[in-house]
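Please look through the sequence and the structure shown here before reading on.

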Amino acid sequence: MELLILWIFLLVVGFALLVKGADWFVDGAAGIAGKCRISPLVIGLTVVAFGTSAPELATSVASAVKAYSDQTAVAISLTNVMGSNITNILLILGLSALIRTLPVKKSSLVLDIPVLILSSALLIGLGAWGGKLEWWDGLIFLLVFAGYMALLFVHARREQKKSVAEAPAAEKEPPRGKFAAWMARMEEKTWFLILLTLVGLGMVVGGGTLLVNGATYIATYFHVDSGIIGLTIVAIGTSLPELVTSVIAAHKGETDIAVGNIIGSNIFNVLLIAGVSSLVHPLPFDNTRLVDALVALGAALMLLLFTLIFRKKLGKIAGAVMLLSFVGYYIYLFLGVV
């Protein structure tokens, strides 16, 4: 009983770390974008996306390594990637779009979303072809990832040149309170913004880990079915950094970071995480994995469709449809378990 109380306390602490960490993470990332004259979208697609994908990377690679002694662990590597990608678009972008209309930049429509669709299709094609992802499939993923990063770097350089000619931003309203005033002064310093981003990221990842572990222990204590735990707590748990970061970014009006975080994180999940994991150990790709991969591809296509239909904006209608689709997918998973 004392252990249960301890885990409930740690779960609350994890949630607090997650929320405040995401708050600092977004502020730091947005501040760095402004200081370096880089588009917040590019920051979201790279720094924020990589940071919030850390739990998926750790989980998938660790599972692939463990597969040498435990064959049941290898499935987690791939299901973690596909489950996170489905959750990121249908749940997280859906919630963010309900909070605030999310504009989708032309560069995302031309480059980022097509790369996401390509990587999702590549996962299906290479996985279904041999029934598993081998090390050479991982090399293909990593080569595509390197090409995408190179294109993003070129885009960031162009953004820097454009921003030089732009007029300076309007002055912000002076903050209220001594701590807020101190934070405002410190956020003018680049080193502090970098520190704020790193500390925020550490709090997001650490808080998410505490939250998942605490929820898992509590569910196990009350004898909740392990299959349900895996499909709900663990699947959503590794996406908690993306969830809180994107929702808070949307609430703060940093919509480019919210959108870039999700698209970038999904690209990282397939090309980097699945790529590295398949280099460590072959990843089986059976019919169940094919269904999940098709749903992930469908979510990416839904994102493209809504972006085109609603003229580069994701609003409440798109958000509601995404959330309903997520609920439908989980009903399908639950019926499959029972």
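The model is a predicted one, in which local features need pLDDT of at least 70 and side-chain atom pairs count only at pLDDT 80 or more, while totals for chains, interfaces and linings use all residues. Residues are numbered from 1 along each chain as its sequence is written, and side-chain values use heavy atoms, with hydrogens and water left out.

**The protein as a whole**

- The protein has 13 helices and four strands, where helices (H or I, at least four residues) and strands (E, at least two) are DSSP runs numbered from the N terminus.
- Of the 338 residues in the protein, 47% are buried, a word that stands for under 20% relative accessible area, with exposed meaning over 50% and partly exposed in between (1.4 Å probe, protein chains only).
- Among the contacts with a separation of 6 or more, 82% are between residues 24 or more positions apart, and a contact means heavy atoms within 4.5 Å.

**H5 against H12**

- Helix H5 (residues 106-130) packs with helix H12 (residues 287-309) at an angle of about 165°, and their axes are 9 Å apart; axes are lines fitted to C-alpha atoms, for helices over the stretch in contact, and angles run from 0 to 180 degrees between N-to-C directions.
- The crossing of H5 and H12 is left-handed, which is the term used if the near helix is turned anticlockwise from the far one by less than a right angle, with right-handed used if clockwise.
- On the H5 side the residues that meet H12 include Leu109, Ile113, Leu116 and Ile124, and on the H12 side the residues that meet H5 include Leu290, Leu294, Leu301 and Leu308.

**H5 against H11**

- H5 also packs with H11, at an angle of about 30° and with axes 9 Å apart, and H5 and H11 are therefore roughly parallel to each other.
- The crossing of H5 and H11 is left-handed.
- Ser108, Asp112, Val115 and Leu123 are among the H5 residues that meet H11, while Ile263, Asn266 and Leu271 are among the H11 residues that meet H5.

- H5 has 25 residues and reaches 36 Å from its first C-alpha to its last, close to the 36 Å expected at 1.5 Å a residue; the expected span of a helix is 1.5 Å times one less than its number of residues.
- H5 bends by about 30° at Asp112, with a proline, Pro114, following within four residues, and the bend at a residue is the angle between axes fitted to the seven residues ending there and the seven starting there.
- After H5 comes Gly131, whose phi is positive, near 80°.
- Helix H11 (residues 255-280) has 26 residues and reaches 36 Å between its first and last C-alpha, close to the 38 Å expected at 1.5 Å a residue.
- A kink of about 35° in H11 is centred on Asn269, and the helix is mostly covered, with 23 of its 26 residues buried.
- The 23 residues of H12 should span 33 Å at 1.5 Å a residue, and its end C-alpha atoms are 32 Å apart, which agrees.
- Several residues of H12 are buried, including Arg289, Asp292, Met302 and Phe306.

- Arg311 lies in the loop between H12 and strand E4 (313-314), where its phi is near 55°, a positive value in a residue other than glycine, and at 74% relative accessibility Arg311 counts as exposed.
- Lys312 lies in the loop between H12 and E4, has a positive phi near 65° although it is a residue other than glycine, and is partly exposed, with a relative accessible area of 35%.
- Glu188 is placed in the loop between helix H7 (178-186) and helix H8 (190-221), and at 55% relative accessibility Glu188 counts as exposed.
- The C-alpha atoms of Glu188 and Ile32 are separated by 9.8 Å, although the two residues are 156 residues apart along the chain.
- Leu324 has its place in helix H13 (residues 316-337), and at 62% relative accessibility Leu324 counts as exposed.

Definitions and conventions
Angles under 35 degrees count as roughly parallel, over 145 as roughly antiparallel, 65 to 115 as roughly perpendicular and the rest as oblique.
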